[in-house]
Amino acid sequence: MEIQLWRELLAPYQLAVDELEVKFNHIIRECHLKGSYSPIERVEGRVKKISSILDKMQKKDVNMNNLEEKIKDIAGIRIICQFVEDIYRVVEMIDERSDMTIIAQKDYIKTAKNTGYRSYHLIVEYEVNTLKGAKKLPVEIQIRTLAMDFWATVEHSLHYKYSHHIPEYIQDKLINASNAIVVLDQEMSAVRDEILDAQNAFSVKANLISDILHNLQNLYRVGNRQEVQRIQEEFYKIYEQDDMEQLIRFGHQLDIIAEGHGAQSLH
């Protein structure tokens with residue numbers, strides 16, 4: 001097939017990847033805006049390279065006439081989570097959506113592959129609108145923890161290095177590493193509430209400090225510079241004390257001062 005024809009074939013898949021990346025990233029932003037925890041840590045998307053498609057066609061004895069029917073992972077989305085529990089929550093969220101339909105799924109977390117690979121795979125049907133009209137496409141969604149993703153990335157690189165024939169001694173080490181990752185994810189889940197509390201506290205403090213600095217910057221434009229300098233020095237003293245209650249009170253008082261000067265609405 002000519003390269004231009006390949007590009008035309010793959011263009012709708014790239015559109016699907018682009019749209020799904022936006023939608024899943026919006027879930028992250030929406031959770032943050034609500035001040036709630038996002039089960040999605042980050043999102044990555046890709047369209048399979050032509051060379052990889054050709055390799056898979058050869059391996060599965062697929063010809064060009066049934067390429068799109070037989071190969072379901074031309075478009076791929078990878079969703080990374082902090083905890084194993086988040087993976088299953090994300091699966092529920094996808095199942096509840098009206099803009100995509102799950103048509104196949106495999107749980108390689110509860111039952112890992114022989115290689116030690118762990119992840120949750122979904123094939124969803126997703127509709128894109130092109131110049132030629134609407135087209136429904138299969139998209140593979142892989143959902144895994146940060147630790148699982150690190151392992152899978154390393155294994156993927158080794159497969160290319162050794163042309164899919166990884167030496168037995170390296171494969172044994174990969175399986176040992178996979179087992180260690182299971183323990184790591186279990187330990188992280190055991191202290192999940194404490195981790196989330198710490199992350200939430202950090203986020204609250206970061207947002208509060210950002211608001212305080214924003215108000216100080218705006219007050220410099222409209223207020224008495226000496227007075228603003230005094231307020232800023234007071235902020236630094238409270239910040240050094242690392243007293244969250246004092247910082248919150250200071251933030252509230254500064255809001256009142258900024259509002260009195262009409263400074264909160266400045267950009």
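**Entry 1: H8 and H9**

I started with helix H8 and helix H9 (residues 244-260), whose axes lie 9 Å apart and whose packing angle is about 160°. I kept in mind that this is a predicted model. How do the two helices run relative to each other? Angles over 145 degrees count as roughly antiparallel, and H8 and H9 are therefore roughly antiparallel to each other. I also looked up the handedness, and H8 crosses H9 in a left-handed way.

Next I listed who touches whom. From H8 come Ile 231, Glu 234, Phe 235, Ile 238 and Gln 241, and from H9 come Gln 246, Leu 247, Phe 250, Leu 254 and Ile 257. I sorted the residues of this contact by class and found seven nonpolar, two polar and one charged.

**Entry 2: H7 and H8**

I then turned to the other pair with H8 in it. Helix H7 covers residues 192-222 and helix H8 covers residues 225-241. Their axes come within 9 Å and cross at roughly 165°. H7 and H8 are therefore roughly antiparallel to each other, and I noted that their crossing is left-handed.

Which residues of H7 meet H8? I found Lys 205, Ile 209, Ile 212, Leu 213, Leu 216, Leu 219 and Tyr 220. On the H8 side I wrote down Arg 225, Val 228, Gln 229, Ile 231, Gln 232, Phe 235 and Tyr 239. By class, I got ten nonpolar, two polar and two charged residues for this contact. Going back over my lists, I saw Ile 231 and Phe 235 of H8 in the contact with H7, and I saw Ile 231 and Phe 235 in the contact with H9 too.

**Entry 3: the largest pocket**

Time to look for empty space. Rolling a probe the size of a water molecule over the atoms shows where such space is left. The largest pocket holds about 1700 Å³. I found 38 residues lining the largest pocket, and those nearest its centre are Lys 48, Lys 56, Asp 73, Gln 142 and His 156. Elements giving two or more residues to this lining include strand E1 (42-47), helix H2 (50-60) and strand E5 (133-145). Which element gives the most? It is H5, with six residues. I sorted the lining of the largest pocket into ten nonpolar, eleven polar and 17 charged residues.

**Entry 4: the second largest pocket**

The second largest pocket has about 460 Å³ of space. Of its 15 lining residues, I noted His 32, Ser 36, Tyr 37, Gln 199 and Ser 203 as the closest to its centre. Helix H1 (3-34) and H7 are the elements that give two or more residues to this lining. By class, I counted five nonpolar, nine polar and one charged in the lining of the second largest pocket.

**Entry 5: a cavity**

How many cavities of 30 Å³ or more are there? I found one, and the space in the largest cavity is about 50 Å³. Its lining is made of Gly 116, Arg 118, Met 148, Trp 151, Ser 178 and Ile 181. My class count for the cavity lining is three nonpolar, two polar and one charged.

Key. Residues are numbered from 1 along each chain as its sequence is written. This is a predicted model: local features need pLDDT of at least 70, side-chain atom pairs count only at pLDDT 80 or more; totals for chains, interfaces and linings use all residues. Side-chain values use heavy atoms; hydrogens and water are left out. Axes are lines fitted to C-alpha atoms, for helices over the stretch in contact, and angles run from 0 to 180 degrees between N-to-C directions. Helices (H or I, at least four residues) and strands (E, at least two) are DSSP runs, numbered from the N terminus. Angles under 35 degrees count as roughly parallel, over 145 as roughly antiparallel, 65 to 115 as roughly perpendicular and the rest as oblique. A crossing is left-handed if the near helix is turned anticlockwise from the far one by less than a right angle, and right-handed if clockwise. Contact means heavy atoms within 4.5 Å. Ala, Val, Leu, Ile, Met, Phe, Trp, Tyr, Cys and Pro count as nonpolar, Asp, Glu, Lys and Arg as charged, and the others, Gly among them, as polar. On a 1 Å grid over the protein atoms alone, a cavity is a set of points where a 1.4 Å probe fits but cannot get out, and a pocket is an open set with protein on both sides within 12 Å along at least five of seven lines; lining residues have an atom within 4 Å of a point. Grid points are joined across faces, edges and corners, and a volume is the space filled by probe spheres set on the points.
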